[in-house]
Amino acid sequence: MRGLLARRMKFHLIGAFVVSIGSAALYKFGVAEPRKQAYADYYRNYDPMKDYKAMKAAGVLESAPPK
């Protein structure tokens, strides 16, 4: 039973480190990178004036009434 706490602590610290690095990598490549790519794809062909005119025609904007 000597050194049991130190042995178990080392095992759990290494395990926690590996799990945290793995979950961070999964989040980065599974969520963050696809999200950045989706935003880049959306804004590549985004026309703000076209969107403004569509919102104005729909009556969404209070400061610019539809004509």
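**Salt bridges**

Modeller: This is a predicted model. Start with lysine 28 and glutamate 33: their side chains meet in a salt bridge, 2.9 Å from N to O.

Colleague: Which lysine forms a salt bridge with glutamate 33 at 3.3 Å?
Modeller: That is lysine 36; 3.3 Å separates the closest N and O atoms.

Colleague: Where do glutamate 33 and lysine 36 lie?
Modeller: Both are in helix H1, which covers residues 4–44. They sit three residues apart, about one turn of the helix.

Colleague: Which residues are linked in a network, then?
Modeller: Salt bridges link Lys28, Glu33 and Lys36.

Colleague: New topic. How many salt bridges does the structure hold?
Modeller: Three. One of them pairs aspartate 41 with arginine 44, and there the closest N and O atoms are 2.8 Å apart.

Colleague: How far apart are aspartate 41 and arginine 44 along helix H1?
Modeller: Three residues, so about one helical turn separates them.

Colleague: Why can side chains like these pair at all?
Modeller: Opposite charges can pair when the charged atoms come close.

Colleague: Back to accessibility. Is arginine 44 buried or exposed?
Modeller: Arginine 44 is exposed, at 55% relative accessibility. Aspartate 41 is partly exposed, with a relative accessible area of 36%.

Notes. Residues numbered from 1 in each chain as written. Predicted model: local features only at pLDDT ≥ 70, side-chain atom pairs only at ≥ 80, totals over all residues. Heavy atoms only, no water. Salt bridge = Lys/Arg side-chain N within 4 Å of Asp/Glu carboxyl O. Helix = DSSP H or I, 4+ residues; strand = E, 2+ residues; numbered from the N terminus. Buried < 20%, exposed > 50% of the residue type's maximum accessible area, 1.4 Å probe, protein only.
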